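Open the model in your viewer and keep the selection panel at hand.

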Amino acid sequence: MTDDKQMDEAAEKELAEAELKGVPEALREETAETAPELKEHDRLAELESQLAEARQNVLYAQAETQNVRRRAEKDAADARNYAATGFARDVLSVNDNLQRALDAIPTEVRDEEKWRGLITGIEATGRELENVFGKHGITRVAAKGLPLDPNVHQAMMEIPSDEAEPGTVVQEIQAGYMIKDRLLRPALVGVAKKAE
């Protein structure tokens with residue numbers, strides 16, 4: 001080695017020692033000069049640890065991507081299935097009014113020939129509306145004769161009854177409907193209570 005090279009190395013060593021002055025020995029970084037025999041298996045173990053961590057990170061990223069994809073598919077399916085919910089609620093009132101119109105027709109008028117065409121037309125419109133509801137997964141909630149189910153029924157009044165068990169629906173004031181597996185509108189019902 002030349003004298004210049006030795007002087008440069010000595011100056012670098014002094015500079016490094018000056019930088020580390022005051023730093024405890026335990027915190028000083030090992031260098032190739034202070035730990036010349038860093039064992040090969042230690043390096044291999046460190047690399048294997050880094051590889052395992054990288055694999056784990058890749059698995060987490062894949063799982064998160066799959067979860068995001070599933071959520072997006074579910075959101076898209078819900079949007080398709082329930083997109084017509086607001087419109088369906090509005091059309092239910094049309095169906096209610098058609099039914100009220102049919103119920104309001106007196107029996108003697110139903111039997112008259114001159115009204116038969118009009119009544120048949122209103123009934124056909126009601127049936128067509130029910131068919132359209134069925135196509136779009138809108139179904140009527142069963143109520144009368146069943147126990148009150150707060151998930152699909154809304155009790156509006158209690159009716160004293162000796163014939164029905166208390167808590168049984170004895171009157172349907174307004175029909176309830178489901179769209180697929182969600183409640184579109186609860187059935188408004190009268191519920192039996194013990195007669196006094």
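**Strand pair and sheet**

Select β1 and β4: three bridges join these strands, which run antiparallel. Helices (H or I, at least four residues) and strands (E, at least two) are DSSP runs, numbered from the N terminus; two strands pair if DSSP finds at least two bridges between them. This is a predicted model, in which local features need pLDDT of at least 70 and side-chain atom pairs count only at pLDDT 80 or more, while totals for chains, interfaces and linings use all residues. Residues are numbered from 1 along each chain as its sequence is written, and side-chain values use heavy atoms, with hydrogens and water left out.

Within the pair, pick T139, which stands opposite M178 in β4.

**Cores**

Which residues touch the most other members of the largest nonpolar core? Select F133, I138, Y177 and L184, out of 16 residues in that core. A nonpolar core is a set of buried Ala, Val, Leu, Ile, Met, Phe, Trp, Tyr and Cys residues joined through side-chain atoms within 4.5 Å. Buried means under 20% relative accessible area, exposed over 50%, and partly exposed in between (1.4 Å probe, protein chains only). α3 (85–104), α5 (113–135) and β4 (177–179) each supply at least two residues of this core, and α3 gives the most, with five.

Centre on Y177. Beyond its neighbours within four places in sequence, its contacts (heavy atoms within 4.5 Å) include L92, N95, E130, F133 and R185. Apart from this core lies another, of five residues, among them A143, V169, V189 and V191.

**Loop and whole chain**

Move to K180, in the loop between β4 and β5 (182–185). Phi of K180 is near 55 degrees, a positive value in a residue other than glycine. K180 has 40% relative accessibility and therefore counts as partly exposed.

Finally, select everything: the chain has five helices and six strands. Of its 196 residues, 19% count as buried.
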